[in-house]
Amino acid sequence: DGAGPPSEPTGPLLTDSDNAAALAAPRVIATSSASFAITWGELGGACRPKLRWAVSVLREPSRHASIDDAPWETLAYAVAGVGFQALPLRCPASGCAFRVTPVGLRGLERPSAPSEPAASLPLPALHPEAARLQLRLRRPQVGRDLTQMADLVAAEIAAQLRVDAASVEVRDMFGAGQYLVLDLFAASQSGGAPPRNAG
């Protein structure tokens, strides 16, 4: 019948001729003091299940004369879908910019436009007699009451340190409860903690 052998697979291709969706800046929302929700385009649907992305961040983009030549850091590689949770990541008031790059997409292996700078949500001011630390649990606490879990963690830490429960305060939680930011107050001999700053 004159038919020849099949050609080699072309690899991933995009159907929008100007690649506008892949090159558009991602959308970024700060979700805590150290986490960001990053979403981009509509290219990761059922018709493109193998498409993967690299996610990068640039701290304080306003300090750099050229965005392209700036020291971008790769947060994740080969991300599926159209969203990513960046954590733990803290960005100053001047913000961080984010961008995504298709992985292994023939003819389009360049990054998207950078996002608008996004800053971390602020934590309450640290009391002068307190110390702040970040705690990471073994796994995300999916399906649990996070408020109740925060109280349990604070109580356990207070018990281990042999201080009053009021000396340990959870200031922030993120990553489905896997990360907690705690303030530890210097307890008096009577077992009380010094007064907190307002807010």
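Here's a walk through a few parts of this structure, which is a predicted model.

Three strands make it up, in the order 1-2-5, with antiparallel pairing. Strand 1 (27-30) and strand 5 (83-86) sit at the edges with a single partner strand each, so one side of each has no neighbour in the sheet. On average, and ignoring direction, neighbouring strands here are turned by 15° against each other. If you zoom in on strand 1 and strand 2 (residues 36-39), you'll find four bridges holding to the antiparallel sense. Along that pairing, Arg27 stands opposite Thr39 in strand 2.

Next, the nonpolar cores. The largest one has 20 residues, and Phe36, Trp40, Leu89 and Phe98 have the most contacts inside it. Strand 2, strand 3 (52-59), strand 4 (73-80) and strand 6 (96-103) are the elements that each give two or more residues to this core. Take Leu89: setting aside neighbours within four places in sequence, its contacts include Phe36, Val57, Leu75 and Phe98, along with Ser33 and Ser120. There's also a second, separate core of 10 residues, with Leu137, Met149, Ala154 and Ile157 among them.

Finally, have a look at Asp183, in strand 9 (residues 179-185). Is this residue buried or exposed? Asp183 counts as buried because its relative accessible area is 0%, and the cut-off for buried is under 20%. The Asp183 side chain makes a polar contact with the side chain of Arg132 at 2.6 Å. Beyond neighbours within four places in sequence, Asp183 is in contact with Leu126, Ala131, Arg132, Ser167, Val168, Glu169 and Arg171.

Key:
Residues numbered from 1 in each chain as written. Predicted model: local features only at pLDDT ≥ 70, side-chain atom pairs only at ≥ 80, totals over all residues. Heavy atoms only, no water. Buried < 20%, exposed > 50% of the residue type's maximum accessible area, 1.4 Å probe, protein only. Polar contact = N/O pair within 3.5 Å; in protein donor to acceptor, adjacent residues only side chain to side chain. Contact = heavy atoms within 4.5 Å. Pairing = 2+ DSSP bridges. Axes fitted to C-alpha atoms, helices over the stretch in contact; angles between N-to-C directions. Core = buried A, V, L, I, M, F, W, Y, C linked by side-chain atoms within 4.5 Å.
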